[in-house]
Amino acid sequence: MGSGTPNRARALGILGLGVAFAPALACALLVARHAVDVPVWDDWERAKLLARGLDWAYLYSPHIDHRILVPRLVALANAHLFGGDLRLEMGLSVVVVLVTALGVFVLLRRSLGDARPGSLYATAFLANALLFSPLQWENLLWAAQPFFLWPMAAVVLALVLLGSGLRPGLKLALALALAAITTHTFSHGLALWVLVPVAVLFQRGDASARTRAVFVAVWLVAGAAFLVPYFTVDGMRSSSEASHAFDMPPGERAPGLSLAGITHDPVKTARFAATMLGSPFARMAGAAPRNVAAPLGVGVALLFALGAGAWLLRGRDADAWNRGLPWVLLGGYGLGLCALAALGRAPIMRWSYALLPHYVSIAIYPMLAALPLALLFLAPPSRAWPVGPFATGLLTVAIAVGWIAGVHGMDEWRSARLQARTALLYQSHFRPRLIRRLDGSREVVARFAPVLDRHGQLRPPLQREATLDGFAAEGTPLPDYAARVHGAWLQGQNLRVEGHAWLPDAMRRADGVLFVVQQPDGSGRVVALGELRGFPWFHVAVHDHIFDELSIPGPSVRGAFAARISGTQLPEADHFEVEVWAVDAERMRLHPFVERLIVERGPEGARVRRAFPDRGRTP
């Protein structure tokens with residue numbers, strides 16, 4: 001093709017990179033669309049951070065069995081430099097995965113070379129589709145989680161570093177810095193202390209035996225210097241709230257690994273690990289994830305083992321050995337983490353807890369590692385990668401189904417966070433009924449929300465009075481099909497209301513329903529908050545929504561709400577009206593219902609009826 005060949009190859013390379021990293025762009029756009037600046041669960045612990053500042057004893061104290069020094073420092077920096085916007089840390093999750101993906105691409109290029117660019121870019125695309133899967137939405141949309149993702153990124157970076165042409169001394173220094181940071185993120189980062197010396201000892205032709213021995217000796221001494229205090233300072237007693245630590249009260253020793261679980265209930269422990277491993281591929285139509293995840297997990301483990309076994313059979317070929325070693329270590333790391341999670345969590349949780357979305361981020365690595373191993377050691381040279389078009393297509397479909405489920409999960413998570421914002425605004429006036437959207441404990445929210453509010457960390461700020469301040473109001477009522485009161489009745493002195501509320505312009509459920517009584521001065525006083533319950537658009541699994549308290553299965557009407565208006569909140573007049581407003585917490589706007597509730601008290605008792613006056617005015 002003459003002089004045009006280099007330019008054509010360059011253009012095809014750029015196109016290949018664009019396709020390979022298309023999942024990264026899609027994931028970033030999804031996170032930007034669904035991120036909501038509302039604290040949830042562990043995020044409330046930031047109130048302690050702001051109160052203590054650079055109190056190193058607290059910063060180093062355990063969160064369950066993790067020493068999250070680095071995440072706490074990042075949260076402090078965010079609070080002081082950027083106002084504590086939680087969406088920035090959600091964006092950091094995407095950055096961490098992008099760093100991981102770039103490292104994986106470097107490893108793929110080293111292993112597959114430039115001879116088969118089609119295989120390189122196709123494998124990179126599948127790897128990125130796994131890495132950026134929205135099925136792990138808890139890690140992508142929860143500000144507490146970017147450093148849950150970091151240990152996997154650190155392992156990939158360590159493998160890139162150890163396979164580079166840098167001097168051994170520089171490799172050692174950089175690897176130690178990486179391990180020191182990773183040790184103080186989440187506990188699964190501790191595995192780096194084992195993986196790095198194994199990689200150094202097993203890599204062929206990289207350095208002399210003496211250089212390797214010195215590297216490993218220094219590494220082990222440094223590891224002891226970090227790990228001894230890790231497990232001994234403060235007696236490894238958790239400093240976190242019980243609702244964030246499996247109901248373990250502050251000051252209790254973290255559970256760690258429970259080897260007794262193997263002998264007490266080995267089936268449960270094994271099922272936990274297999275379910276976790278199969279979770280990324282278990283969201284399929286017509287099958288409950290809890291029923292298919294464990295068999296799929298066993299299949300993933302067998303596929304990885306097959307590729308690793310084929311690599312071992314090529315052990316005399318130093319080049320083939322070095323090409324496959326990073327993937328064997330990476331996949332083995334993923335399998336080991338699934339086993340460790342089972343040992344640590346199966347004794348205190350149900351086995352189906354392994355389906356939680358944030359575990360997907362760990363479970364994808366054995367399959368990710370199996371892709372290049374299959375291409376290198378299982379696929380016949382004359383055939384397309386990795387073990388045939390059928391297997392490739394099947395994997396692509398499984399990943400695509402996971403993306404579809406993940407996007408719907410993101411939608412539900414975002415909706416729950418906006419509903420949590422509405423409840424949080426009035427939490428000092430009306431106790432949130434569906435508390436899990438905010439935390440596992442009402443007391444934690446009641447104690448920490450005012451602290452974060454005083455430091456300007458809540459946007460919008462808490463409502464000092466039960467008013468509509470901070471909202472803008474629409475003058476046109478919502479159409480009857482979108483928002484309606486299905487029933488209203490008195491129970492003693494209390495008023496019960498049920499209905500549904502939908503925001504047709506936003507194509508989603510409302511974020512709450514406010515019941516308002518007009519004051520003599522013409523202002524509106526909020527007398528109750530109706531919280532939304534409803535069947536999600538895409539039924540994945542109960543455990544996927546463990547922090548949302550969605551009704552699964554729930555009412556047949558999407559956007560259904562129920563409210564109880566206490567008699568102490570209602571006027572004492574014989575005749576009064578209650579206005580009903582649907583909340584859009586994203587835009588901080590109120591949408592009126594067509595109807596009002598009319599409460600009448602007379603000699604024969606009290607009754608409530610619905611009226612449909614002209615709703616042209618606003619509060």
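This is a predicted model: local features need pLDDT of at least 70, side-chain atom pairs count only at pLDDT 80 or more; totals for chains, interfaces and linings use all residues.
1. Let us start with the overall count. A search across the whole structure turns up 25 salt bridges. The points below pick out some of them, including the pairs Asp37–Arg459, Arg345–Asp65 and Asp584–Arg508.

2. Do have a look at Asp37 and Arg459, which form a salt bridge whose closest N and O atoms are 2.9 Å apart. Asp37 sits in the loop between α2 (22-34) and α3 (46-52), while Arg459 belongs to the loop between α19 (442-454) and β1 (472-473), so this pair ties together parts that are 422 residues apart in sequence. How accessible are the two partners? Asp37 has a relative accessible area of 7% and is buried, because the cut-off for that class is under 20%. Arg459, at 30% relative accessibility, counts as partly exposed.

3. Next come Arg345 and Asp65, whose side chains meet in a salt bridge with an N to O distance of 3.3 Å. Here too the pair links distant parts of the chain: Arg345 is in helix α16 (residues 318-345) and Asp65 in the loop between α4 (56-60) and α5 (69-82), 280 residues apart. Are Arg345 and Asp65 buried or exposed? Both of them are buried.

4. Now for a pair of strand residues. Asp584 and Arg508 form a salt bridge, with 2.8 Å between the closest N and O atoms. Asp584 lies in strand β8 (residues 575-584) and Arg508 in strand β4 (residues 508-509); they are 76 residues apart, and the pair links distant parts of the chain. Asp584 counts as buried at 0% relative accessibility, and Arg508 is buried as well, with a relative accessible area of 9%.

5. Which residues are linked with Asp584 and Arg508 in a network of salt bridges? The network also takes in Arg33, Arg414, Asp511, Glu586 and Arg587.

6. Finally, a word on Glu443, a residue of helix α19. Its side chain makes a polar contact with the side chain of Ser441, at 3.2 Å. For a sense of scale, Glu443 and Leu368 are 75 residues apart in sequence, and their C-alpha atoms are 42 Å apart in space.

Definitions and conventions. Residues are numbered from 1 along each chain as its sequence is written. Side-chain values use heavy atoms; hydrogens and water are left out. A salt bridge is a side-chain nitrogen of Lys or Arg within 4 Å of a carboxyl oxygen of Asp or Glu. Helices (H or I, at least four residues) and strands (E, at least two) are DSSP runs, numbered from the N terminus. Buried means under 20% relative accessible area, exposed over 50%, partly exposed in between (1.4 Å probe, protein chains only). A polar contact is a pair of N or O atoms within 3.5 Å; within protein, one must be able to donate a hydrogen and the other to accept it, and residues adjacent in sequence count only if both atoms are side-chain atoms.
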